[in-house]
Amino acid sequence: MRVKKGQILVTCSGTIGKVALVSRTLDKQIFSHDLIRINVKNPADVGFIYAFLRSETGNTLLQTNRYGSVIQHIEPDHLADIPVPNPADKIKTKISDLVIRSYDLRDRSNELIDKATAMLVDALCLPPISKLKTERFCDEYETNNYNVKLSDLGGRLDGSYHLPITKAITAHLQRYAGELTTVGDERISKNIILPGRFKRVYVEKGQGRAFFGGKQLYELDPTNKKYLSLTQHGDRIKEQLELHENMILITRSGTIGKVTIVPKHWEHWVASEHIIRVIPASNEIAGYLSIFLASEYGYPLIRRFTYGSVVDEIDERHVAKIPFPLLKAKAVQDEIACIALEANAFRYEAYRLEQEALQIMNDEVIFS
């Protein structure tokens with residue numbers, strides 16, 4: 001179950017054919033049996049094999065043997081029959097080097113995000129989230145019973161809104177932050193956009209805007225992208241849907257609370273209406289905002305607003321009310337923001353290098 005650096009991972013159940021390379025970030029992590037592990041015999045060829053499987057041609061071949069009427073599957077044996085091109089070593093090395101450099105930048109991006117998050121935790125004297133769950137309102141939390149004053153109901157009678165963990169995080173932030181405001185504060189965000197629902201009209205690649213959903217929010221290059229018609233949705237895309245660098249995205253239905261900051265290569269792409277857009281007041285606050293909301297302390301504050309009996313939802317009014325701490329030390333806050341933006345820039349560069357590798361794969365190997 002434990003993966004190791006240099007392995008190629010391929011999803012083999014449900015959504016088939018998503019491919020990833022195990023680098024420093026994933027090394028020695030444990031993953032489910034729904035991933036096929038490929039051990040490449042020659043380590044120098046790892047990047048080349050990865051790029052081939054990521055290419056449209058390679059990915060199509062991956063999926064030719066899938067089976068299952070409800071949930072699609074492939075097996076390791078199916079991969080054995082997939083033909084792999086074998087160009088000159090010079091070309092293979094060039095492609096592999098680009099892929100390895102791309103994943104090195106992803107690792108550096110992840111390390112910077114970890115660093116920024118650690119700085120945030122230190123600046124706010126935040127204890128581990130497990131301790132916050134028990135150090136305050138301990139008896140209430142352990143027994144799943146707790147009291148709420150009538151004055152604190154805030155118009156909400158659902159118990160999940162009043163979970164003690166959210167009260168504990170808010171109380172801690174009030175104590176240690178320079179100021180506790182909200183995401184809707186005009187110093188934090190210019191606008192919070194919840195696009196309306198609509199019937200989508202898709203077109204062929206190259207004829208519309210790249211479109212993806214909340215499932216792909218954490219992917220550098222979202223898989224299974226579709227293309228939304230500009231003719232049918234031009235005004236809606238311009239006013240509500242298109243993305244811009246450093247915008248903050250939050251999933252608002254189904255799986256709530258996934259957060260990411262828009263990298264440069266997503267500029268003018270389109271995300272689903274199931275994702276709320278937060279337009280930050282400035283690039284500086286964007287980096288800091290993304291670190292806090294994506295942290296394990298921001299997540300419960302987003303989730304507390306959940307409503308719905310079948311499909312969970314939140315809306316733009318709820319996002320505007322999320323408590324948001326400004327640090328006492330402005331210099332530390334600015335440094336956290338700069339680190340987050342640098343991490344985001346690394347993501348763009350990683351994408352650019354991988355796209356270069358895929359272009360060489362197409363031009364000099366598959367269609368040469």
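User: Leaving aside neighbours within four places in sequence, which residues is Asp45 in contact with?

Analyst: This is a predicted model, and in it Asp45 is in contact with Val40, Lys92 and Ser96, once its neighbours within four places in sequence are left aside. As for its setting, Asp45 is found in the loop that runs between β3 (35–38) and α1 (46–54).

User: How should I read its accessibility, and is Asp45 buried or exposed?

Analyst: A residue counts as buried when its relative accessible area is under 20%. Asp45 has a relative accessible area of 17%, so this residue is buried. Asp104, which lies in helix α4 (residues 89–123), has 30% relative accessibility and therefore counts as partly exposed.

User: Which residue lies 7.4 Å from Asp104 in space, C-alpha to C-alpha?

Analyst: That residue is Ser23, which is 81 residues away from Asp104 in sequence.

User: Turning to cysteines, how many disulfides does a search of the whole structure find?

Analyst: A disulfide is read from a pair of cysteine sulfur atoms within 2.5 Å, and the search of the whole structure finds zero of them. As to the setting of individual cysteines, Cys12 counts as buried at 8% relative accessibility, whereas Cys338 is exposed, with a relative accessible area of 52%.

User: Which residues touch the most other members of the largest nonpolar core?

Analyst: A nonpolar core is a set of buried residues joined through side-chain atoms. The largest one here has 95 residues, and those touching the most other members are Ile8, Leu53, Ile95, Val183, Leu293, Val319 and Phe324. Helix α12 gives the largest share of this core, 14 residues. Apart from it there is another core, of six residues, including Phe211, Ile237, Leu241 and Val270.

User: What is Phe324 in contact with, leaving aside its neighbours within four places in sequence?

Analyst: Its contacts are Glu179, Leu180, Thr181, Thr182, Val183, Ile188, Ile285, Tyr288, Leu289 and Phe292, with those sequence neighbours left aside.

Definitions and conventions
Residues numbered from 1 in each chain as written. Predicted model: local features only at pLDDT ≥ 70, side-chain atom pairs only at ≥ 80, totals over all residues. Heavy atoms only, no water. Buried < 20%, exposed > 50% of the residue type's maximum accessible area, 1.4 Å probe, protein only. Core = buried A, V, L, I, M, F, W, Y, C linked by side-chain atoms within 4.5 Å. Helix = DSSP H or I, 4+ residues; strand = E, 2+ residues; numbered from the N terminus. Contact = heavy atoms within 4.5 Å.
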